[in-house]
Structure formats: structure tokens, C-alpha cells
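User: I would like to learn how to read strands, helix packing and a chain contact. Please take me through them one at a time.

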Amino acid sequence: MLFQSAGMKQTLQYDQTSCRLLVEGLPDVSRGHAAGAVGIITGWRIEWLGRPGMDGQREHLRALLEVVLPYARYRISGVPRAFGAEDDPVRIVPDGAERHRLLRRGEEGAAPQELSLDDAELADLVQVLDRLRLDPRLQLEADLPPSRPLTVRELLDRIPLRRRLAAPAGGLAALVLAAALGSLWPAPRPAGSGSGPSASPAARSADDGKPRPAAPPSPGAAPVSRPGSGS
Amino acid sequence: MEALPPPAETAGSAASPPLGRRGLERLDLMLLCMEALDSNGGEAMVWMSGQLGYQERFPNRVELWKRRCHNPLRRACRRGQLDGGDSEALIHITCQLADRLYPLLRSLLCSSDPPDLIEMRWNLFRLRLGELLRQRMNPRRSGVQALLAADTGQGLVRQLIQSLTLAAGPGGVDRLRASLRDAVA
């Protein structure tokens, strides 16, 4: 972490392997800031080794902190979840399994900026932003929730949709199959009947092609009709 | 080397709730990954625990090993829950070691290096991790089998390495602590 000063203007510098973050600003004397503090941020930029970087104003820096650090919190649990809406100053979205897209909205006709980071570069950026967040010289009020354990619902995002749906879809298919087989299962025939067509000796003989002797009707037995059997 | 943060004992860590089964598994596997990266990793852990002020808690390798044996995936697994203070100490040691080994961890995830070099690093790392897993973990456990399998192992080990890179640095302890207490999906 370096600190440069030119007159009132201060530059805070945070380095990590491939990433350098520079924050320029002035102490806000109206709020009683000390000489080394940065309360009025005039600009910032991230420089990457051998590739274009990203820059912006105070609101972009705050948005950068508010999306990248929660994204890292989810990533450490293996959950790839986008942070920031389409119209937010900065957002970060997973790009495949091992890459991450950092997008900065363009201001007043300026083109939007986009960075594609691999896992190593994301880790560098997170370390740099952690140092920035904990630097007492920088007066930047970012809305950062404390790290908390993820719920089951949040963790489900790390399981692909196909795998998540496999169990309920399999259960539903098994239920439908069981219901279909159950509907094909013949209903128990009455011990003896004379009224229904299925109970007649002729119908029975038509079933298997062999004549069978009719069972003597029991006095208490009532004829049972199958639904849809036509009786 | 930068000055280490004050020992976790002062942060009221002894009152922190114990880690669950999954959290213990992940924490011990992360330490195992760092042992695979650093051949002197076991000694480095004891040294780091001393640096962080945990001499009384972990005076030697055996005490550290006894705490790590609460991992249900271990061959010699200990019953019961790990004390909240012990788990907090292990989290701090893991994060500090991840910070120390950050260049090595980062080199495994870096996509800008030549692909054959990245593959060579991964092959060497997976070879050493596989040896440690077979040596210390129960091969009948499905979690160990998944880590050793050719198809699923690579993704799981990569996730462990990514978690270690994000656990390094000043905000790493909070992230890792919260992550180890995630619900079981």
C-alpha cells in the first residue's frame, strides 16, 4: 500500500500481483479530515498487467466494492451468482466455470467498460478491494453486509438446474408409471355373480378360451361392478 | 513479512459455535491442499500457530493433528465436535498459510500462463494431494472417492484452491468462517 501526495491531492495505491488500484482525491476539510485522508474522491483506476484496465468516479468505486466482495463471498462457497443489476454502475457476472465478467456502465455517452477476469485475477482484485475497504485513510461509505453463512436455497445455485430437477422429475415419472400400471391391474372379481357380463361363464371362457364351470353363488355376495365395465 | 494480526483468542473466539461436519471436512481438506503445495506444510502450520499466539492450544504437531482428526473423512477419525476456539484457531492458521502460499495457489488458477505449464502444475499438485488423501483419509468415504476420481476430483480440488485464494488477505478470515458455516444443501 503506497501513498503519494502532490499538494492537497492524495493518491492511494494498492498492489497485488497483476492488479493495481489507484484512488485519487482530497481530504474533506469541511468534515475535519486529516491531511493524509481521502474524503473527496476525484477518480480511481484499476491497472492490469498487459491489458486495459477500468476507471471511474466515486459512485463506481463504491459500487465496485458492493458487488465484488459479496461475489467473492458466494464464490468461496462455490456458488456462481451475479451481483448488480443491468442499470447499476458496476456489476459482476460469472462467465463459464472459471471466468468472471466485470462490467462498468458508461456515463454520458462514454462507452461501457468490460473486463474478463480469470480466478487468479479475481482473487487479486478481491485482495486489493479488501485493503481499500479496511484503509482508515479512505472515507468511503459502502453498503457492505457482513459475511454470513449461506442458506440451503442460496447453495442450490451451485447445483446445475438439470441435476436439481433430476430427483423430482424421476419421482414424478415413477408416480405416473405406478398409476398407469395400477389402472391396468384387474379389479378383484366377485366370488360369484350372475348379473355382470364379466361374471358370466361365457365371458370367462372368452377371456382364456377355455370353458370353466360357474362357481355356486354365495347367498350374501352382491355383484361387484368395475367402473367403466359397462354394467 | 507483514505483522500478523493479534491472536484470535482476544476476539472472543472461544465463544464461537463449533463447526459442523461439512465445515470440518472442508477446513481439513484445505489444510491438506496446502500440505500438498508445501512439502514442509506440517511444520509451517505449527510455526504459524506459534506466530498467531496459539502455542498453548497447539504446542506441537500432534495436538494440531488431534484437532484435525475431527474431520469425519479421516482414517483415524475422532468422535465429538471440535471446540469453537480450536476451529477459530484453525481458520486463522488456514488463512495465514493461504496468504503465505498465495503465489503458488494463484499460479494454479492463472489462465495467462502456457497451458502445458498449468497442466504440469496441476498434475504435480494432484499427485501429491492424491498421496496424502490415500495416506490419511478413509477411502470408503464417498467424499474421498469423489476427490480421487478422475472425473469429479478436478472440479472439487479446483474449488478448494479457489476458496483458499479468496481466504487469503485481510478479509479472508470472515469469508472463510462464514463459508464453513454454510447450511448443508
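**Reading the model**

Analyst: Start with the hairpin. β4(A) and β5(A) form a hairpin with 2 residues between them, and Gly50(A) in the turn has a positive phi of about 70°. Helices (H or I, at least four residues) and strands (E, at least two) are DSSP runs, numbered from the N terminus. This is a predicted model: local features need pLDDT of at least 70, side-chain atom pairs count only at pLDDT 80 or more, and totals for chains, interfaces and linings use all residues. Residues are numbered from 1 along each chain as its sequence is written, while chains are lettered from A and ligands numbered from 1 in the order in which they are written.

User: In which sense do β4(A) and β5(A) pair, and over how many bridges?

Analyst: Strands of a sheet pair through backbone hydrogen bonds, either parallel or antiparallel. Two strands pair if DSSP finds at least two bridges between them. Here β4(A) and β5(A), residues 51-56, are antiparallel over 4 bridges. Trp48(A) stands opposite Arg51(A). β4(A), residues 40-48, also pairs with β3(A), residues 19-26, in the antiparallel sense over 8 bridges. There Leu26(A) faces Ile40(A).

User: What is the strand order in the open sheet of 3 strands?

Analyst: The order is β6-β7-β8 in chain A, with antiparallel pairing. β6(A) and β8(A) are the edge strands, each pairing on one side only. β6(A) is joined to β7(A) by 6 bridges. Arg91(A) has Leu103(A) as its bridge partner.

User: At what angle do α5(B) and α8(B) pack?

Analyst: Axes are lines fitted to C-alpha atoms, for helices over the stretch in contact, and angles run from 0 to 180 degrees between N-to-C directions. α5(B), residues 102-109, and α8(B), residues 150-167, pack at about 135°, with axes 10 Å apart. Angles under 35 degrees count as roughly parallel, over 145 as roughly antiparallel, 65 to 115 as roughly perpendicular and the rest as oblique. α5(B) and α8(B) are therefore oblique to each other.

User: Which residues of α5(B) and α8(B) meet?

Analyst: Two residues are in contact if their C-beta atoms, placed from the backbone, lie within 7 Å. From α5(B), the residues include Tyr102(B) and Leu105(B). Ile161(B) and Leu164(B) are among those from α8(B).

User: How many residues does each chain give to the contact?

Analyst: Chain A gives 26 residues and chain B gives 23. On the side of chain A that touches chain B, α2(A) gives the most, with 8 residues.
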